[in-house]
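Open the model in your viewer and keep the selection panel at hand. The stops below are taken one after another.

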Amino acid sequence: MREQAASGPCRINEGNEEKLMIGEPDFLSPQERALMVGLMKKRRRAHAFNDDQRGRLDVDKIPMIRIHMVPHEPWNLRGTRYPNPDEAKMVVDYLDGKMRTHVADYSSGPYASSWFCFVKLNWTLRWVQDLQRLNAVMVRDAGGLPNADALSESCAGRPIISLIDLYSGYDQFPVYPPDRPVTTLHTPRGLIHMNVAPQGWTNAVAMVQRHMIKAMQTVSPHITQPYIDDLAVKGPKEREEDEVIPDVRRFVWKHIKDLDRVLSLLEEYNLTASGPKSNHCMREATILGFVCNENGRRPDVKKTDKIVEWSGPFRSITDVRSSLGTCGFWRSFVKNFVAKTEHLRKLALARREEESVEPAQATEPPPTHGLEQVEFRQITGSDLRDPSPELPEGGKGVPLETPLGSLEAHLDASQWGTSQLGAGPVEPARYEPAEELQGPDHEPGELQAEEVITVGDNTPPHTPVPELVRRPWPEGIPEPDSEEIPVPPSESITSPPKRAEPDEQEESERAEACTIVTSQRAEHVAEQLDTAMPASDEPPPKLPHAEEGMSAEVPPREVYEAQARRLSGETAEEKSARVQAHLAEIYEAKVRMEAAGETPTPPVDPRTSEQRVGEAWARYEGRRDAARLRSRKAGQEDERTNEIRETEDLGFSAARMAIERAKRRIRQAATTSFQRYTTLSDKLATSRLEVEQLSTQLAEEKAENQAWRSRMEVKEAE
């Protein structure tokens with residue numbers, strides 16, 4: 001390509017010279033424009049007007065682009081088909097032109113990506129390659145682009161400026177031949193691959209930017225600074241109007257010399273600029289959305305119109321983000337931009353945090369804290385009422401199940417164990433289901449028919465409760481109220497299966513819970529019998545035996561009361577006498593209160609089963625919320641630890657500085673106090689000497705005075 005361009009005719013002729021954009025009509029003089037055209041003809045190999053004139057980077061000076069990938073499986077995707085003969089002919093001609101100019105070439109291999117063509121505004125074809133599969137296995141290049149705001153600011157305040165745009169910039173940077181098959185496409189011409197950097201490739205921008213910086217290294221950044229395939233050539237900082245040659249001003253002449261250096265570098269590296277698209281010696285130019293001229297820079301009206309013509313209020317968080325991104329590009333022109341958009345940024349940030357949390361909650365199951373999965377359904381009013389006992393023909397008991405009885409047995413503290421999430425009693429409880437009861441017709445591994453707790457919308461895991469046989473109550477023993485659900489003793493519930501290696505602390509907690517619950521149940525049943533059993537001298541009726549087929553470990557209701565009676569250790573006569581004495585004491589207390597004028601305290605209604613269930617739910621939900629809170633706080637411990645460390649460091653530094661200041665003050669105070677003490681001591685010693693001298697003088701004067709008086713008395717006596 002270099003030899004063809006050097007030996008060929010001049011690319012700038014009378015036919016395309018009019019297409020060149022050189023200065024505004026009222027900006028350059030004819031001599032200045034002719035000087036610029038002469039320079040472009042001199043550097044004719046630096047401009048191209050068609051694909052055949054396009055250059056290719058000299059690989060002897062700058063190495064080819066490499067495509068580095070991680071281990072992967074090849075892909076084979078078919079591109080778009082064009083059944084219309086006219087469209088197919090246009091696509092084939094377009095592909096032939098790409099292969100003729102060495103942009104693409106025939107290929108073979110296991111890779112094939114999809115692609116399609118579309119018609120641009122200038123009625124030319126453009127192909128688009130889908131390189132998502134390639135980008136997914138790429139080793140990403142960490143290179144980036146220069147700051148757009150800083151680049152446009154460096155071009156502001158210049159009296160003259162030029163913009164050079166490479167002709168099909170990506171097509172001038174070749175790819176290393178062994179790496180080219182990964183860009184293969186299925187086309188009407190068969191498999192063809194790209195010989196140059198494909199657009200849409202992950203590392204294309206970083207690699208082209210790096211190669212352009214290498215090529216323009218000697219003139220960057222004081223003359224030009226590459227931005228991918230665009231070059232903004234800066235003019236001199238001062239507008240010098242004096243003429244170097246007739247009708248050629250000095251600042252224009254300096255700028256043309258800078259252009260000569262840039263175009264010579266393009267020729268040296270065999271790169272070509274687009275003749276029709278490049279702007280030379282312009283009064284102002286649009287650089288990355290900013291219009292730069294001698295007076296500074298301003299936003300491009302074509303870009304700011306999107307803000308002015310924004311349709312209606314924001315309807316989604318996407319509109320908010322789009323507005324912030326669009327307006328933020330020109331934030332340097334808006335006074336107090338951060339303060340004016342603070343509420344919008346907070347809204348977008350809060351929504352982003354919610355979006356980052358929602359996928360994590362959708363993918364990760366909620367913490368179970370050692371609990372098993374259970375099934376829930378809404379409890380109804382009929383479930384809260386005990387079923388009426390009915391006997392079928394033959395006198396055999398019908399097994400019935402009370403949902404609240406199952407719940408009460410489930411909430412038994414003896415069925416809960418310590419969680420393995422951590423040691424200590426503060427850890428959340430973990431439910432361990434009881435062993436399944438084996439009936440005579442129950443095979444191992446077979447589940448009971450009814451094993452679902454039917455309470456509330458949220459409940460702890462249930463335990464299978466054995467079905468109880470309802471028998472007619474014997475005479476003399478009142479049937480408990482429907483609101484009072486008797487709690488079966490701990491012996492009637494099978495203990496949960498033990499672990500392979502139980503912990504000693506866990507076993508002690510379970511034994512203590514079982515003892516407490518057993519004593520509470522015995523007191524509850526005894527209190528019921530004390531208040532409901534009438535005084536009678538007849539012996540208690542004989543309790544019916546358990547029916548056949550019923551588990552011996554689950555006694556009926558009558559057995560519970562008999563066990564409570566045996567636990568009390570007294571006969572019916574003794575109990576009747578005790579009840580009568582207790583009633584007499586109550587009557588005497590009532591009489592005393594009436595005599596004293598005291599108002600008796602109204603009796604407190606016993607709690608209903610719904611209240612007890614509500615309290616049980618409240619306790620469970622409190623433990624569950626506490627467990628969730630601990631699990632949430634666990635993820636924040638590291639951050640809090642870092643904050644605490646930083647706070648401790650700051651506090652330590654502040655304390656150390658305060659201590660040092662206090663020490664300095666103490667030293668200063670001690671020094672000052674010592675000096676003051678020394679001074680005062682000296683003054684005191686001096687004062688004492690003065691007092692002694694005055695005392696001596698006073699004694700002498702007194703002696704003289706006494707002698708004078710004696711002489712006077714002697715004279716008077718004479």
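How do the residues of the lining of the second largest pocket divide into nonpolar, polar and charged? They divide into 11 nonpolar, 10 polar and 12 charged; Ala, Val, Leu, Ile, Met, Phe, Trp, Tyr, Cys and Pro count as nonpolar, Asp, Glu, Lys and Arg as charged, and the others, Gly among them, as polar.

The model is predicted: local features need pLDDT of at least 70 and side-chain atom pairs pLDDT 80 or more, while totals for chains, interfaces and linings use all residues. Residues are numbered from 1 along each chain as its sequence is written, and side-chain values use heavy atoms, with hydrogens and water left out.

**The pocket**

Select Lys98, Lys120, Arg126, Ser168 and Asp171, which lie nearest the centre of the second largest pocket among its 33 lining residues. A pocket here is an open set of points on a 1 Å grid over the protein atoms alone, where a 1.4 Å probe fits, with protein on both sides within 12 Å along at least five of seven lines; lining residues have an atom within 4 Å of a point. The volume is about 1000 Å³, taken as the space filled by probe spheres set on the points, which are joined across faces, edges and corners.

Next, colour helix 3 (85–100) and strand 5 (125–129), the elements that give two or more residues to this lining. Helices (H or I, at least four residues) and strands (E, at least two) are DSSP runs, numbered from the N terminus. Strand 5 provides the largest share, 5 residues.

Move to the open sheet of 3 strands, ordered 15-16-17 with antiparallel pairing (two strands pair if DSSP finds at least two bridges between them). Its edges are strand 15 (285–287) and strand 17 (296–299). Neighbouring strands are turned by 35° on average, direction ignored. Strand 16 (residues 290–293) pairs with strand 17 over 4 bridges; select Val291 to find its bridge partner in strand 17, Arg298.

**A salt bridge**

Show the side chains of Asp260 and Lys42, which meet in a salt bridge at 4.0 Å, N to O (a side-chain nitrogen of Lys or Arg within 4 Å of a carboxyl oxygen of Asp or Glu). Asp260 lies in helix 7 (residues 250–268) and Lys42 in helix 2 (residues 30–42), so the pair ties together parts 218 residues apart in sequence.

**Backbone**

Finish at Ser220 and Pro221, joined by a cis peptide bond with omega near 5°.

Key
Axes are lines fitted to C-alpha atoms, for helices over the stretch in contact, and angles run from 0 to 180 degrees between N-to-C directions.
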